[in-house]
4 protein chains.
Amino acid sequence: MIKAGIIGATGYAGGELVRLLLNHKDVEIKWYGSRSYIDKKYYEVYQNMFQLVDDKCMDDNMDALADQVDVIFTATPQGLCASLINEEILSKVKVIDLSADFRLKDVKVYEEWYKIEHKAPQYIDEAVYGLCEINREQVKKARIVANPGCYTTCSILTCYPLVKEGLIDPSTLIIDAKSGTSGAGRGAKIDNLFCEVNENMKAYGVATHRHTPEIEEQLGYAAGKQFCINFTPHLVPMNRGILATAYATLTKDVSYEEVKAVYDKYYKDEYFVRVLDKDVCPQTKWVEGSNFVDVNFKIDKRTNRIIMMGAIDNLVKGAAGQAVQNMNLLFGFEENEGLKLVPMFP
Amino acid sequence: MIKAGIIGATGYAGGELVRLLLNHKDVEIKWYGSRSYIDKKYYEVYQNMFQLVDDKCMDDNMDALADQVDVIFTATPQGLCASLINEEILSKVKVIDLSADFRLKDVKVYEEWYKIEHKAPQYIDEAVYGLCEINREQVKKARIVANPGCYTTCSILTCYPLVKEGLIDPSTLIIDAKSGTSGAGRGAKIDNLFCEVNENMKAYGVATHRHTPEIEEQLGYAAGKQFCINFTPHLVPMNRGILATAYATLTKDVSYEEVKAVYDKYYKDEYFVRVLDKDVCPQTKWVEGSNFVDVNFKIDKRTNRIIMMGAIDNLVKGAAGQAVQNMNLLFGFEENEGLKLVPMFP
Amino acid sequence: MIKAGIIGATGYAGGELVRLLLNHKDVEIKWYGSRSYIDKKYYEVYQNMFQLVDDKCMDDNMDALADQVDVIFTATPQGLCASLINEEILSKVKVIDLSADFRLKDVKVYEEWYKIEHKAPQYIDEAVYGLCEINREQVKKARIVANPGCYTTCSILTCYPLVKEGLIDPSTLIIDAKSGTSGAGRGAKIDNLFCEVNENMKAYGVATHRHTPEIEEQLGYAAGKQFCINFTPHLVPMNRGILATAYATLTKDVSYEEVKAVYDKYYKDEYFVRVLDKDVCPQTKWVEGSNFVDVNFKIDKRTNRIIMMGAIDNLVKGAAGQAVQNMNLLFGFEENEGLKLVPMFP
Amino acid sequence: MIKAGIIGATGYAGGELVRLLLNHKDVEIKWYGSRSYIDKKYYEVYQNMFQLVDDKCMDDNMDALADQVDVIFTATPQGLCASLINEEILSKVKVIDLSADFRLKDVKVYEEWYKIEHKAPQYIDEAVYGLCEINREQVKKARIVANPGCYTTCSILTCYPLVKEGLIDPSTLIIDAKSGTSGAGRGAKIDNLFCEVNENMKAYGVATHRHTPEIEEQLGYAAGKQFCINFTPHLVPMNRGILATAYATLTKDVSYEEVKAVYDKYYKDEYFVRVLDKDVCPQTKWVEGSNFVDVNFKIDKRTNRIIMMGAIDNLVKGAAGQAVQNMNLLFGFEENEGLKLVPMFP
């Protein structure tokens, strides 16, 4: 039984971490950090936790926390983890950062896209990008895991096998992604009010969304070269779920079976990645509440392009679930421990 | 490890049973009955089950099924269970009927409200009404458990302590209930299309809904006398959740603390019933995906009435979850085994 | 052609007023008051108005405004209209107040339920409660019209004929109302975020909601005596729409036809009140975007109660539409001018 | 005052036609055709029309109808209009076909994508593709107007100026479109049930959707050459609204101002097309209930692509509204008569 602390426990990703860790047989949560609700009972913030969690919210004191737990999750806005982390903390605990602070290897790219100064660039090289299906072995040995972004997790896993095998020209890659609203966080903003989101749909962050360089970097490793993509996120009136629809030009004439074999090569032993049957399009509802990624594809002979599709629950595989998966790797637990949740439908 | 068979596995309640039983350490599902999808892979009907269930759908053959399993769940329209059940089946397996066939003790009331002839009235007396918190001991010894209705579970548990203790005049009881749309089932009806339900709200079955006599009968036992109530269900644009708001005249002058003590008397040791803190109104989202019932109340001195409120997930505590809870009682498992799911928020 | 000014033009009710007045052949909007957005283009706040409104938002200066227009609408929080109004303003313009400041005739009741001091009690007597179907003649001569609350409009019109005719015992009246979320306003509050409201339902303000005394006062006039009711509002995941379900004990044995005749007596010539056919329950979607009130009822012989149901669009008949209807009466326009909008379905 | 008949009046597009025509000062509806509801009152099918429409539903008899009206709208599945139309009908009335029967000029393309035989190919050449902003003059003289598809209207108007001016390479065009569920029609299908659509999202018809050749044909005329595109529709949990996000490679280095000037060249005098301010992304809610098309774009220098975005209400500009706009052109009414509806928000 290990002990865990959460900084940022009252955001949606933090709340989901609590839900998942309560269901994990080897972890005990010792610290519910939330600067906004210090000394308030956690269940008063999330009444679904009534009679399940009796602790109070604590401050964001990572130094104090490091003495009490084995792993710290930071589910906070970018900048916070980098500003708090230090060698003493890392000597005592593992850190799984759900923010973007350690995802990009090039600090200039980080500072350009996020418009803030990086406070701990000395740890960027060491941090491991925690997309478990791709970096499993490095994660196991890490001190800092950079938990991937929600859109990026979905986008990368949807395209990875074809990029890696050179079946698509990565410079033609266009990813059109759609997300439920929990990805926008729990801040009190007019744009996220029910009446503004419900019965509505929009693109946002067009050509400027921060997950773009993260996707480019990771798929760049797979391709063995750098390239630029178009990534466009959209807001959709639902709580949970990301659907990525990706378009790319094929580099050669391939059949359905050949492409399927490539997906299977990478994913057939992956518990959390499900390559659907032919012509079945992923639906976000089929993965809701679970850590699954459902992917599939369709070849369009007319345009010589392939359309790749992927669906995740943004709060699970796109945030808290993947963080738990990373924790399982770090501590030698079964990789799907606490994550065998069956998707909820309807 | 016991074996279970489900008749009606492809309705929403059936699908929820599958979700819950897959998460139960002592049960294996051996039979996915679905007359509409015979020989089709179960996951092709519910793609959330892809790579989790590989079985095919089977016919509704209860006799054949009784030889293969320890417990049969019938999640079918009223009339079917009564038409299939017989002594030989009951000699081999326990039956948990999620339909209304064995909920009402008076066959005339059944036939009047449901407009069909009862095909197995000889088992009505024997069947146990499976509202576990109230009939726990009888359930343990039953052969047939009549799993309560969704509205009734929520309504009864919301009012039960005050009726039982005589704090309210039951003849003044008015229950205004609101339900998500999964309660309407998976039938292809225009009324249940997305565009008809979304951004819409209505009452239905006013003064004629079939859960009315079920509530009256059960609360009548608590009151020690018969009485009539008003029960009005409403359809609300959400998938899951029932909220019951109940109004009744108080029989004496009571304080918040006195009423709270009465609720605690009945529920403080009940894992699944959560009496919320003062002035916190139940919200359906706080129980979503779980077997919890959240209840609370407010005294209105001006009118000498009390307003009682309860919230459940209609597919869990209102159907499949309670069925699993009944199964746990029948087979001597921990009552909350497979049901310790943390509510999902948001 | 008259000129209108709106104070509070950027709230949801204010925005709806703009939508309706742009569609009104005899009115020109001259002033878009919004303290939060002074000097910002109105269409930048509500992009649906792009190329339809080119004006900028102005301050809440009612004195300056009174010189420029014929009618002022105040769609502001309670307290503001009372604090700004004065004799000079009233000598120049008509005021239609969408807030609660002049709805209650007893200033003590106002101060008790709203917890603020009334700044202009001298105008309370003079102000006319603008429920047009009931107070049409008084409205025509008013200087100040108190535009009724959303819940109250729906609740009163649903029950009025039966209270007026003495067919129900008003002291048994229980109103269970459900509202879409636009009624909660456009303030940036966590409780009204999409993810908190969507797939969720709750009661709120139980036994304490401020529309209670307003309903009691108006129905009290109809009954010819004072009484207390229970009124419970609920929040439902939709943008627009209020559904009221009201319960009361009948004072005598009546048939469907007799009750229908009573409704028809009061409403058969009312353009905006539609008494639906027998057994058709009102649905909020059937009035969406329009000024209609759909009502119906069901007699329950078993309990000797009647269930009355009413549906409105809370932003139209519950706010801006009724305000325009009042304006039409004040200025001698056709009562439904600008309000002949066909409800939008789906 | 002209007389109109609607065949297919009880589908969602038909219902929307009724809503719009009731609001049109120069048209009277004489025939509510609906094979499924013959002899039923129209308002019993759409209760929003209670007390607004008193007519009964009639059969789909186009010959009889032609004697009674000036214009016939066919809002029916593909194949029906082509099977009913004949010279005698066309000698008496104008026909506006909301189905796909006369949209594609190449009958082979029609039969290949729609998998049915065309029953009136002799009228294909004569029929005018009723995208008013592009084919205004031809529409005025037509006997048969092929009312464009919903996705196609949105897609074409979003991209048209840049294709026409050669600013983008049309063979690189990828259109990712998202639609509310009313586009799927009012048929009773499990896939369109509330619980299947709500909190869910999916692509469908990938690489095979029938609006693809329609977009290709029309944009092909603009480009002066044929080409293939990728078009992917998605289903989103909302009633109304289509959002198209289109990607294409720029043919030369252009500034924001240059592209804006191109959009303005084509649309600045178009009442229904609104080119939004810089960096404002279209939202479907801003056009809801109206005939507007909101468009905008963003240049991505990194990839040398442009992202074009457009939003419509699929039932208005994507179906019934555009049909009324075509009718206005055919009969010499003001083009926006009956269509000056202000979008409804929220």
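Me: Which residue does the UniProt annotation "active site" cover?

Reply: The annotation "active site", from an unreviewed UniProt entry, covers Cys150(A). UniProt positions follow the numbering used here, feature names are shortened, and annotations may be inferred rather than shown by experiment. This is a predicted model, in which local features need pLDDT of at least 70 and side-chain atom pairs count only at pLDDT 80 or more, while totals for chains, interfaces and linings use all residues. Residues are numbered from 1 along each chain as its sequence is written, chains are lettered from A and ligands numbered from 1 in the order in which they are written, and side-chain values use heavy atoms, with hydrogens and water left out.

Me: Where is Cys150(A) found, and why is Cys150(A) called buried?

Reply: Cys150(A) belongs to helix α8 of chain A, residues 150-164. Helices (H or I, at least four residues) and strands (E, at least two) are DSSP runs, numbered from the N terminus. Buried means under 20% relative accessible area, exposed over 50%, and partly exposed in between, with a 1.4 Å probe and protein chains only. Cys150(A) has 15% relative accessibility, so Cys150(A) counts as buried.

Me: What does Cys150(A) touch?

Reply: Setting aside residues up to four places away in sequence, Cys150(A) touches His211(A), Ile242(A), Ile312(A), Asn314(A) and Gly318(A). Contact here means heavy atoms within 4.5 Å.

Me: Why does Val273(A) count as buried, and which residues is Val273(A) in contact with?

Reply: Val273(A) has 1% relative accessibility, which is under the 20% cut-off, so Val273(A) counts as buried. Val273(A) lies in strand β12 of chain A, residues 273-275. Leaving out neighbours within four places in sequence, Val273(A) is in contact with Glu133(A), Tyr267(A), Val293(A), Val295(A) and Gln51(B). Val273(A) and Glu112(A) are 161 residues apart in sequence, with 33 Å between their C-alpha atoms.

Me: What joins the side chains of Tyr204(C) and Tyr151(C)?

Reply: A polar contact of 2.7 Å joins these two side chains. The term asks for a pair of N or O atoms within 3.5 Å; within protein, one must be able to donate a hydrogen and the other to accept it, and residues adjacent in sequence count only if both atoms are side-chain atoms. At 2.7 Å, the pair Tyr204(C) and Tyr151(C) therefore falls within the distance limit. Tyr204(C) and Pro233(C) are 29 residues apart along the chain, and their C-alpha atoms are separated by 6.0 Å.

Me: What makes Glu216(C) and Arg302(B) a salt bridge?

Reply: A salt bridge is a side-chain nitrogen of Lys or Arg within 4 Å of a carboxyl oxygen of Asp or Glu. The closest N and O atoms of Glu216(C) and Arg302(B) are 2.5 Å apart, so the pair meets that rule. Across the interface of chain B and chain C, the rule finds four salt bridges.

Me: How many residues do chain B and chain C give to their contact, and what area do they bury?

Reply: Each of the two chains, B and C, gives 50 residues. Between them they bury about 4200 Å², with 57% of it on carbon and sulfur atoms. In chain B, Glu199(B), Met201(B) and Arg302(B) lose the most area to chain C, together 19% of what that side buries. Buried area is the accessible area (1.4 Å probe) that two parts lose on being put together, summed over both.

Me: How many salt bridges are counted between chain C and chain D?

Reply: The count between chain C and chain D is zero. The count of residue pairs in polar contact there, both at pLDDT 80 or more, is 12. On the side of chain C that touches chain D, α1(C) gives the most, with four residues. That side divides into 21 nonpolar, seven polar and nine charged residues. Here Ala, Val, Leu, Ile, Met, Phe, Trp, Tyr, Cys and Pro count as nonpolar, Asp, Glu, Lys and Arg as charged, and the others, Gly among them, as polar.
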